[in-house]
Amino acid sequence: MRTKVLSPKQTIVLLAGVLLVLYIIFRHFTSFDRLRGHYTIGVILNTIELTPGDMDVVKLIISKKLEQINRQGGVQGRELRVKYLDDKGSSEKAREIVRETMDDKRLIGYVGCWSSTRSKAISELVGPARIPFVGGYALTPLFTDYPTMYTAERSIVDLASVFSELLAAYRRPAFVGKAEDLYSIAIFRKMQETADRSPGMKLVHEKWFAGEHRYTPNDIDSLSQALRSNEADFLVLSFESGITSYLVREFRKAGLTMPIYTALGDLGFVASQADGKEAGELYDLNVVGIPGTFNLRLQEQVPAFKKEIRYGQTLELQLSFGARLADSIGILAEAARSSESADSADLPIRERINQGMQQYIGAGRIYRGWFNDWYFTPERAIAGDVLLAWKPPNTSQHILAPRQYMHLDDTLRSVPVLYTHMDLVQINRVSDTDGSFYATFYLEVTSAGRFMVEQLDFTNAARSEISHNYLLDIKLVRQRQLEGVTPLYNYLYKISGKFIFEPDLRQYPFDTQRFPISFQPASALRPFLVQPSPPASRDTVFEVKGWNYNSHYVGFDHDIISSVNTFESSRHTIPFYKFNYTFVLARARIDFFLKVFTPLLVILTITYFSVFIPLHRFETLEAIQVTSLLASIALYFSAYKPEMEYATVSDKIFIFTYVMITSLIGTSILQFVKRKKYNTESRLARIYQHYIFPAIVVVFTLAVVW
């Protein structure tokens, strides 16, 4: 009986059908559908203050966090989803959207709602119902009766202590704020308390405006005249960023030069709305991070977002805000897992989360988030430092104020700020195998106090195997004192030596590597903060062989050191900051193209031409193809390649070459065996050799080049 042979068209259709079935099966077993049912977390946002671009970035980051949580099993074996709720900046709207969603049995908590006033409005619903909530309020005393409510902001207790230190430097402060706003009221009361206990200080002016008030030139004139006649030397403006920006510009036009504190507004946004001297001197309590630096914890996640977001001036703020919301969701999910015990097996899911969240109070547990390490103070506010941001009168960018305040051994202490500038001279002798490089650079340090380079611990500097000292040559080039209202000490050092980095060679030779120069306080008990120079002033021209400059940034990471007293069963934490200047360099590809890629392309081309040799010269044909395979193998062993446990792009290019040449050898043998039978197999082999093979090589080549 004669066997029916499939036509080429039927064979292609059959293969496509098989691939489609395999893809459906793969998606079935790797998707989140294996999680039975779902839980929901309500994300309360405010489209009045957030632009559509802000919303897109925030939603993207949250979606990535949900993917991570669901890959790890979701929450109690169910898929975790979010529901976006818009409070439109209104307490009434916030209460309404919570009332409409809180009875959903699949809703396990809320996050967001960045306002003490709006959070207070919804607390009357979520508090008595014991719904887990991680919000964005600072007035923690208003929520003491609701133990299921937490905040991703610092407590007003911590904020007020630093604010009082700032206010103590002035004698005649004034206040203009938003009526009926709880945070504005709290700040004003703190001003009154500070003035009452400070001899010589007097609160000279107080003025309140409704949130919907439309400001007129008469309002500006009246306020300016009052502040001028009362000789105010410090002004607190407690409004949202947009109104604050407008009032700052108008006050400066009216000739008022006193420092202004932006209580409700974001200093970075306010400063960006004015040019240089126009905004004058501004202050703010910046609890997000250090101005002009990247959060290194967050930078670890950024590669996952790069293909889907565009860089902009507000990207870092968007990433930070989105990461805090994602972490708020993540800590609720982890709290549900951490409470999985025999005692809590019969508890409703919300109560399991509430029980798990209790473990994060006082650093009993620490959640490692994308934005920061999370644990809560007894007020159920996120623990951390309150940083004082300052925009000097003659600059357009805000920076850290010269003196900061941190809680060390439960005492608020003054911590110095090092204003640094790094001028890189060269990077050379990069070793992929050892993960090391040599760098020479100038480091300039300016501080309100005297400084010694011994205060720096260069954490990634190589050490001597004998003495374990750093292999660095450090020379003091210049030392001087800068006169001004606050005397500053300036130091310039030339530093050269060997540093360690962690190469990721999966994309070799098309890889981009980070070359960091990292340092931290030599003693955790003598901390400092680093304020880098503006990005525009940093030198991007330096000597480096075999690499091309891509970008650079200054980053920081905030570690939490736990200290446990075994005899008292108590735990304490020590804040510890690490800083680095990171230079991102792309490997020069010319050497690889000349010595590896081009020879392989020539070998593949010669091999392709061999398929046109007639089959009666089969020995010659196979000799060329086998020789080409052996030549490519020999080239692999002679070419430079980093010794890694995983395959690099270079390895994959060689493997591709082996597979393609082997496929020609196999199809040539098939044609020779079937040379007297012009069946489907022979025709397919010939079609592959003449048309499909070169098409694959061309597509692969273009993909590599571009």
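Phe-593 and Phe-597 sit four residues apart in helix H13 (residues 590–610), about one turn of the helix. Helices here are DSSP runs of H or I with at least four residues, strands are E runs with at least two, and both are numbered from the N terminus. The two rings form an edge-to-face aromatic pair, 5.4 Å centre to centre with 80 degrees between the planes. Rings of Phe, Tyr and Trp (its six-membered ring) pair if their centres lie within 6.5 Å; planes under 30 degrees apart are stacked, over 60 edge-to-face, and the rest tilted. Both Phe-593 and Phe-597 are buried, where buried means under 20% relative accessible area, exposed over 50%, and partly exposed in between (1.4 Å probe, protein chains only).

Before going on, please note that this is a predicted model, in which local features need pLDDT of at least 70 and side-chain atom pairs count only at pLDDT 80 or more, while totals for chains, interfaces and linings use all residues. Residues are numbered from 1 along each chain as its sequence is written, and side-chain values use heavy atoms, leaving out hydrogens and water.

By the pairing rule, the count comes to 45 aromatic pairs. Tyr-608 and Phe-693 make a stacked one, 6.0 Å centre to centre with 10 degrees between the planes. This pair links distant parts of the chain, since Tyr-608 belongs to helix H13 and Phe-693, 85 residues apart from it, to helix H16 (residues 680–705). Tyr-608 and Phe-693 are both buried. Elsewhere, ring pairs join Phe-458, Phe-519, Phe-528, Phe-556, Tyr-577, Phe-579 and Tyr-581 into a cluster.

Rings also meet charges. Lys-59 has its charged end over the ring of Tyr-84, 4.9 Å from the centre, and Lys-641 lies over the face of Tyr-636, at 4.8 Å from the ring centre. The rule here asks for NZ of Lys or CZ of Arg within 6 Å of the ring centre and within 35 degrees of the ring normal.

## The nonpolar cores

A nonpolar core is a set of buried Ala, Val, Leu, Ile, Met, Phe, Trp, Tyr and Cys residues joined through side-chain atoms within 4.5 Å. The largest has 72 residues, of which Tyr-261, Phe-441 and Phe-458 touch the most other members. Strand E17 (residues 411–431) supplies the largest share of this core, seven residues. Apart from it lies another core, of 34 residues, including Leu-332 and Phe-376.

Beyond its neighbours within four places in sequence, Phe-441 has contacts (heavy atoms within 4.5 Å) that include Met-422, Leu-424, Phe-458, Tyr-493 and Ile-517.

Which residues of H3 are buried? They are Ser-91, Ala-94, Ile-97, Val-98 and Thr-101. These cover an arc of only 135 degrees around the axis, so they are on the same side of H3; the arc is that of the directions from the helix axis to the C-beta atoms. The face turned away from the buried side carries the exposed residues Glu-92 and Glu-100. Ser-91 counts as buried because its relative accessibility is 16%. Leaving aside neighbours within four places in sequence, Ser-91 is in contact with Thr-117, Arg-118 and Ala-121.

Helix H4 (residues 116–126) is largely enclosed by the rest of the structure, because nine of its eleven residues are buried. Among the elements that cover the buried residues of H4 are strand E1 (38–45), helix H3 (91–101) and helix H6 (182–197). At the start of H4, a side-chain oxygen of Ser-115 comes to within 3.3 Å of the backbone nitrogen of Thr-117.

Methods:
A polar contact is a pair of N or O atoms within 3.5 Å; within protein, one must be able to donate a hydrogen and the other to accept it, and residues adjacent in sequence count only if both atoms are side-chain atoms.
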